[in-house]
Amino acid sequence: MSPNTFLNIVALGLMTLTSSLALGPPAVALGTAGNFIILAKSGVSTVPPSSIVGNLGLSPASSPFFTGFSLIRSLTGTSASSTQVVGTLEAADFTSPTPSTLTTSEGAMITAFNDAAGRLNPTAIGLSAGTIGGLTFTPGIYKWTSNVNIPTSITISGGITDTWIFQVAGTLTVASGKTVTLIGGALAENIVWVVSGNVVIGSTAVFNGIILGATSVALNTGATVHGRILAQTAVTLQKAIVSL
């Protein structure tokens, strides 16, 4: 083996090792809540047409609290379909085993929320007093004890295995037409926004990440979420797009 060949092999090995080392906090485990693109307790509503890729779950509320979807029940009664959803819709009043499955998933959602909200040793606390437009976030944990507003687009920069947790004690608001942009290979599935207050994604805004919300999540007209919406009250959509 020539010296150059040996050096090339070593360099390739170092590149592979570096790419496999994730930066940021340990991932938040979603458990069976991760089987849903939208999971809520009190209701999921849409002003058609919305476009959703993935399963929707609703519990303890019953199927009438899926509003705007024009549900078509499956022959088994365990799920339903909608022209606005590529996936299934499941509610607490559907045929067994759906109710117990949803109860387990709701529990997993709360466990994930508590895990993400309780992570210690943040990378930064209270950046820009909660008005974070224009900032770039590298892997880490970011904490605010206030509301967080995104009046201009922000950037999340990192690799495909890197992770982020955004801990928001107040509300989270994304202004209309603004974008949470991913660069460097960062993936929405590795970004968690754990929010104690209401979440509002403005009209035509584009948002990336998994929302773990203690209250409601609203997507205004034409908003897009690449990620998941796991809310402990209601989710409202207005001609919105949700996919991972």
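This is a predicted model: local features need pLDDT of at least 70, side-chain atom pairs count only at pLDDT 80 or more; totals for chains, interfaces and linings use all residues.
**Overall form**

The protein has 244 residues and a radius of gyration of 20 Å, which agrees with the value near 18 Å that a compact globule of this length would have. Along the principal axes, the C-alpha atoms fill a box of roughly 70 × 45 × 30 Å. The accessible surface is about 10,500 Å², and carbon and sulfur atoms account for 62% of this area. Of the 244 residues, 44% count as buried. Contacts between residues at least 6 apart in sequence were also examined: 50% of them join residues at least 24 apart.

Two helices and 24 strands make up the secondary structure. Three of the strands form an open sheet with parallel pairing, in the order β11-β14-β17. The edge strands, β11 (136–137) and β17 (180–183), each pair on one side only. Strand β14 covers residues 154–157 and pairs with β17 over four bridges, in the parallel sense. T155 has T181 in β17 as its bridge partner.

**The salt bridge**

Side chains of opposite charge can pair when their charged atoms come close. The count of salt bridges in this model is one. It joins the side chains of D115 and R119, with a distance of 2.8 Å from N to O. The table gives the accessibility of both residues.

| Residue | Relative accessible area | Class |
|---|---|---|
| D115 | 27% | partly exposed |
| R119 | 16% | buried |

R119 counts as buried because its relative accessible area of 16% is under 20%.

How values were computed:
Residues are numbered from 1 along each chain as its sequence is written. Side-chain values use heavy atoms; hydrogens and water are left out. Two strands pair if DSSP finds at least two bridges between them. A salt bridge is a side-chain nitrogen of Lys or Arg within 4 Å of a carboxyl oxygen of Asp or Glu. Buried means under 20% relative accessible area, exposed over 50%, partly exposed in between (1.4 Å probe, protein chains only). The radius of gyration is taken over C-alpha atoms; the globule rule is 2.2 Å times the number of residues to the power 0.38. Contact means heavy atoms within 4.5 Å. Accessible areas come from the Shrake-Rupley method with a 1.4 Å probe; for residues, only the protein chains shown count as cover.
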